[in-house]
Amino acid sequence: MVAVATVKGRSSTESSIEELAQLARAAGAEVVGTIIQRLRTPSKSHYLGKGKLEELLKLREKTDYDVAIFDDELTPLQQHNLEEFLKVKIIDRVALILDIFAKRARTREGQLQVELAQHQYLLPRLAGQWSHLERLGAGIGTRGPGESQLETDKRLIRQKIDRLKKHIEEIRTHRALYRQKREQSGIMVVSLVGYTNAGKSTLLNVLTHADVIARDEPFSTLDPTTRRLALPDGTVALLSDTVGFIRKLPPAIVTAFRATLEEMEGASLLIHVVDLSSPEAAEQSQTVENILSNLNLSDKPRITALNKIDVLLPNDRRWDEASALDYFSSQQAPAENTVLISSTRKWGLSRLLEMVTEKLKTT
């Protein structure tokens with residue numbers, strides 16, 4: 001695992017590379033070492049400085065690693081130079097996330113979105129990577145007069161991207177029609193949003209008796225899920241789970257998953273699920289806020305659910321829901337539109353549903 005800590009971002013680099021290690025393990029890799037270099041900006045040619053490059057090369061002699069994973073998106077030049085110098089496979093944060101997404105996508109929609117993001121990532125990196133193109137179906141078609149192999153490959157990839165965008169646009173149109181029918185029926189939609197591994201899928205399962213996979217790892221669920229939610233006043237809403245966010249979320253992924261993320265645009269209410277037990281809770285919350293802002297969703301009605309409070313309780317006594325909530329309230333009263341919960345222990349969910357009901361009545 002390799003990262004550069006810039007002057008502006010030193011405080012968050014260690015937590016970022018820790019997260020990168022979690023992603024690597026989720027992709028099936030074994031982490032054997034970590035290198036962090038402090039620089040004003042990453043090297044344009046090799047990402048790292050010469051000294052750290054030599055250190056990384058010596059680490060290979062000790063650990064015999066065959067893949068080096070970098071915490072930022074590398075330029076095609078950086079990736080090429082690093083592969084030439086280290087003689088191992090080079091993967092950046094974007095490629096790693098795409099690999100996990102490709103493993104986790106189950107629906108046709110999710111697979112199309114991942115494939116689009118993969119092709120968009122690959123296009124500027126085609127030189128010397130023709131073996132990848134064979135797996136992506138680039139052998140279709142014939143080369144035009146005077147075209148080089150690289151030009152042919154680029155043309156075929158662009159054609160593939162255009163086809164994928166067309167398919168995804170059809171999905172967007174279908175979703176728009178579905179949302180229109182839903183709005184006409186009067187059923188309101190509530191969307192769960194949050195950082196990956198914040199507990200959204202567990203909350204969805206508990207509130208709606210769904211059977212969504214919920215594991216303690218990044219991106220355990222990828223495809224969107226919507227279930228009926230019974231509210232305390234006897235009305236019914238739809239509760240929708242979306243892909244979890246993450247720091248340094250690649251723009252290609254946000255673009256590719258636009259059709260899925262647009263589900264949040266049609267929602268009457270967002271529930272921002274926060275893993276309160278995480279030391280990075282504040283930074284993770286800000287990451288979610290930044291992405292919501294980029295999607296023009298900052299003004300959407302919101303409830304913040306501070307999850308996993310059971311993890312933070314002292315071990316000096318046995319806790320039930322009432323005593324746990326009293327304990328946290330005595331420390332600091334929850335802010336407006338904020339509720340303390342534990343999805344696994346089913347604490348605070350009655351109050352959460354009451355707040356959802358109240359919010360939906362005013363939207």
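The residues lining the second largest cavity divide into six nonpolar, three polar and one charged; here Ala, Val, Leu, Ile, Met, Phe, Trp, Tyr, Cys and Pro count as nonpolar, Asp, Glu, Lys and Arg as charged, and the others, Gly among them, as polar. The model is predicted: local features need pLDDT of at least 70, side-chain atom pairs count only at pLDDT 80 or more, and totals for chains, interfaces and linings use all residues. Residues are numbered from 1 along each chain as its sequence is written, and side-chain values use heavy atoms, without hydrogens and water.

**Cavity**
- Two cavities of 30 Å³ or more are present; a cavity is a set of points on a 1 Å grid over the protein atoms alone where a 1.4 Å probe fits but cannot get out.
- The second largest cavity has a volume of about 30 Å³, taken as the space filled by probe spheres set on the points, which are joined across faces, edges and corners.
- Its lining (residues with an atom within 4 Å of a point) includes Tyr195, His272, Asp275 and Gln284.
- β8 (269–275) and α11 (281–294) each supply at least two lining residues; helices (H or I, at least four residues) and strands (E, at least two) are DSSP runs numbered from the N terminus.

**Sheet**
- Six strands form an open sheet in the order β6-β7-β5-β8-β9-β10, with mixed pairing; two strands pair if DSSP finds at least two bridges between them.
- β6 (225–230) and β10 (338–340) are the edge strands, each pairing on one side only.
- Strand β9 (residues 302–307) runs parallel to β10, joined by three bridges, and Ala305 has Val339 in β10 as its bridge partner.

Definitions and conventions
1 Å grid on protein atoms, 1.4 Å probe; cavity = no way out; pocket = protein on both sides within 12 Å on 5 of 7 lines; lining within 4 Å.
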